[in-house]
Amino acid sequence: MKQQFSSTKGKGFLAAVTASPLEEQRFWDWLNGRTISTSAIIDRRSLLEAAIKQWRNNQDTAFEDKQTLLDYIHELEGLGIVKAYTNSVEEYQFQVWLSASG
């Protein structure tokens, strides 16, 4: 099932049948055997906006948050947010910063 939902077609289907990116994330967590409370759900858009501010201020962010954001910016919504806040050179530099593990 994970493989099917990881395909382009599967991702599109999942996006179509879930009410929001947060609901989609909750489904993935459930599929992977993770249980989370609704208060622990991450608003990825807010997290991304905060990370861009941290990057601009030469601050670091948690490795787990970076991993979440790397996945998010490969989605149209996340990529659109990055493009809205950065130019093409900054976009690349931000992605390098996100990819750095420490």
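Modeller: A residue counts as buried when its relative accessible area is under 20%, as exposed when that area is over 50%, and as partly exposed in between; the structure discussed here is a predicted model.

Biologist: How far apart are the end C-alpha atoms of helix α4, and what span should its residues give?

Modeller: Helix α4 runs over residues 44-56, which makes 13 residues. At 1.5 Å a residue, counted for one less than the number of residues, the helix should span 18 Å. The distance between its end C-alpha atoms agrees with this expectation, being 18 Å.

Biologist: Which helices do the buried residues of α4 pack against?

Modeller: The buried residues of α4 are Arg44, Leu47, Leu48, Ala51, Ile52 and Trp55. They cover an arc of only 140° around the axis, and therefore lie on the same side of α4. The helices that these buried residues pack against are α3 (21-31), α5 (63-72), α6 (76-85) and α7 (88-99).

Biologist: Which residue forms a salt bridge with Glu49?

Modeller: Side chains of opposite charge can pair when their charged atoms come close. In the pair that includes Glu49, the closest N and O atoms are 3.2 Å apart, and the two residues, four apart in helix α4, are separated by about one helical turn. The partner is partly exposed, with a relative accessible area of 43%, and the residue in question is Arg45.

Biologist: How many residues apart in sequence are the parts that the salt bridge of Arg56 with Glu90 ties together?

Modeller: The closest N and O atoms of Arg56 and Glu90 are 3.2 Å apart, within the 4 Å that a salt bridge requires. Arg56 is partly exposed at a relative accessible area of 43%, and Glu90 is also partly exposed, at 21%. Because Arg56 lies in helix α4 and Glu90 in helix α7, the parts that the pair ties together are apart in sequence by 34 residues.

Biologist: In the salt bridge of Asp60 with Lys66, which residue counts as buried?

Modeller: The closest N and O atoms of this pair are 2.9 Å apart. Asp60 has a relative accessible area of 44%, so it is partly exposed. At 3% relative accessibility, the residue that counts as buried is Lys66.

Biologist: Which backbone oxygen lies 2.7 Å from a polar atom of the side chain of Thr86?

Modeller: Thr86 is found in the loop between α6 and α7, and at 11% relative accessibility it counts as buried. Leaving aside residues up to four places away in sequence, Thr86 touches Trp55, Arg56 and Glu91. The backbone oxygen that lies 2.7 Å from its side chain belongs to Val82.

Biologist: What kind of aromatic pair do Phe5 and Phe27 form?

Modeller: A search of the whole structure finds seven aromatic pairs. The ring centres of Phe5 and Phe27 are 5.2 Å apart and their planes meet at 80°; since planes over 60 degrees apart are classed this way, the pair is edge-to-face.

Biologist: Trp55 also pairs with Phe94, so are these two residues buried or exposed?

Modeller: The rings of Trp55 and Phe94 have their centres 5.6 Å apart and their planes at 70°, so the pair is edge-to-face. Trp55 lies in helix α4 and Phe94 in helix α7, so the pair ties together parts 39 residues apart in sequence. Both Trp55 and Phe94 are buried.

Note on methods: Residues numbered from 1 in each chain as written. Heavy atoms only, no water. Buried < 20%, exposed > 50% of the residue type's maximum accessible area, 1.4 Å probe, protein only. Arc of directions from axis to C-beta. Contact = heavy atoms within 4.5 Å. Salt bridge = Lys/Arg side-chain N within 4 Å of Asp/Glu carboxyl O. Polar contact = N/O pair within 3.5 Å; in protein donor to acceptor, adjacent residues only side chain to side chain. Phe/Tyr/Trp six-rings, centres within 6.5 Å; stacked < 30°, edge-to-face > 60°.
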